[in-house]
Amino acid sequence: NIHVGGTPVVLASFDEWESTNDTAFVGSKVAERLGLRTESPITLNGVQLKVVDVVESPPDGLDQGIFTSLFTGQQILNRPRAINALRLGGCWCQIDVETLARDVERTLPGTRAITMSAMIKAQKGSIAVMEKYSALLYLVGISIILGTIALLISSQVRRQLSEIGLLLAIGTSPGMVGGLFILKAGMIGTGGAFGGLLLGRALTTYVGQKLLGAPLIVSSLQTLAPLIIA
């Protein structure tokens, strides 16, 4: 959540940390990237600190973290008396997690407690909504494709009435004239279908990532049918 010399760093602060307000512990990777070692000075957002130790196995694998006291972290982030994130640990086998989350929100007004069970429940709900409306969206998409193709062919025919008259005047059969328009529409439809397929896959992945936090998988049936129709 901060940058030091262009290097992204996770700043973690603890209420009962064994450091004073002018010292810090650093993860091994941060120390390697910034060239830090024990007794090295470091400046974080204008706050001068001294490295008291390089931690090879920091908590939660935060080898890209810098660890300070809570008071120091609040000074660095310019958030006095504010808590950015609170991690609760321990044995959950005998704890009502949802009740605990509500207690945290009540104790710290303005905060939002997030639990793994709530995240999973929300994601399942999002997937259920997508499945519920996927058939409707699919039908709407097919209808738009069919309508667009019909309008394009009709527009092409109206614009080229003189050309059709000329072809008929020189003896071209109506079947041949129709075949030429179908061939042209087929080429345009094929190119548009492949272009739309590539764009649609990219958009589906992006929207799924934004809404659900995971890319949506497009089945081969969902891509093959519009391709054939186009």
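**Close-up views of a predicted model**

View 1. Helix α4 is built from 44 residues and covers 60 Å from first C-alpha to last, close to the 64 Å expected at 1.5 Å a residue. That expected span is 1.5 Å times one less than the number of residues in the helix. Helices here are DSSP runs of H or I with at least four residues, strands are runs of E with at least two, and both are numbered from the N terminus. A quick word on the source: this is a predicted model, where local features need pLDDT of at least 70 and side-chain atom pairs count only at pLDDT 80 or more, while totals for chains, interfaces and linings use all residues. Residues are numbered from 1 along each chain as its sequence is written, and side-chain values use heavy atoms, with hydrogens and water left out.

View 2. Which residues of α4 are buried? I142, S155 and Q156 are. Buried means under 20% relative accessible area, exposed means over 50%, and partly exposed is in between (1.4 Å probe, protein chains only).

**View 3. Strand β3, covered on both faces.** Five of the five residues of β3 (residues 23-27) are buried, so this strand is largely enclosed by the rest of the structure. On one side you find T23, F25 and G27, on the other A24 and V26, and all of them are buried. β3 runs parallel to β5, with five bridges between the two, and pairs with β6 (residues 65-69) in the antiparallel sense over two bridges. Strands count as paired if DSSP finds at least two bridges between them. V26 makes a handy landmark: its bridge partner in β5 is V54, and in β6 it is I66.

**View 4. The β4-β5 hairpin.** β4 and β5 form a hairpin with two residues between them, and their antiparallel pairing takes in four bridges. Across from T43 you will see Q48 in β5. β4 itself has a covered face, made of I42 and L44, and an uncovered one, made of P41 and T43. Look into the turn for N45, whose phi is positive, about 50°, though N45 is a residue other than glycine. N45 is exposed, with a relative accessible area of 52%.

**View 5. E39 and its link to K50.** E39 lies in the loop between α1 and β4. Its phi is positive too, about 80°, although E39 is not a glycine. What does E39 form with K50? The two make a salt bridge, with the closest N and O atoms 3.8 Å apart. E39 is in the loop between α1 (28-34) and β4 (41-44) and K50 is in strand β5 (residues 47-55), so the pair ties together parts that are 11 residues apart in sequence. K50 is partly exposed, at 37% relative accessible area. A salt bridge here is a side-chain nitrogen of Lys or Arg within 4 Å of a carboxyl oxygen of Asp or Glu, and by this rule the count is two.

View 6. R106 forms a salt bridge with D103, the closest N and O atoms being 2.3 Å apart. Both belong to helix α3 (residues 97-107) and lie three residues apart, about one turn of the helix. An α-helix has 3.6 residues a turn, so residues three or four places apart point the same way. R106 is exposed, with a relative accessible area of 59%, whereas D103 is partly exposed at 29%.

**View 7. I76 and I2, brought together.** I76 lies in helix α2 (residues 70-76) and counts as buried, at 3% relative accessibility. How far apart are I76 and I2 in sequence and in space? They are 74 residues apart along the chain, yet 9.2 Å apart in space, C-alpha to C-alpha.
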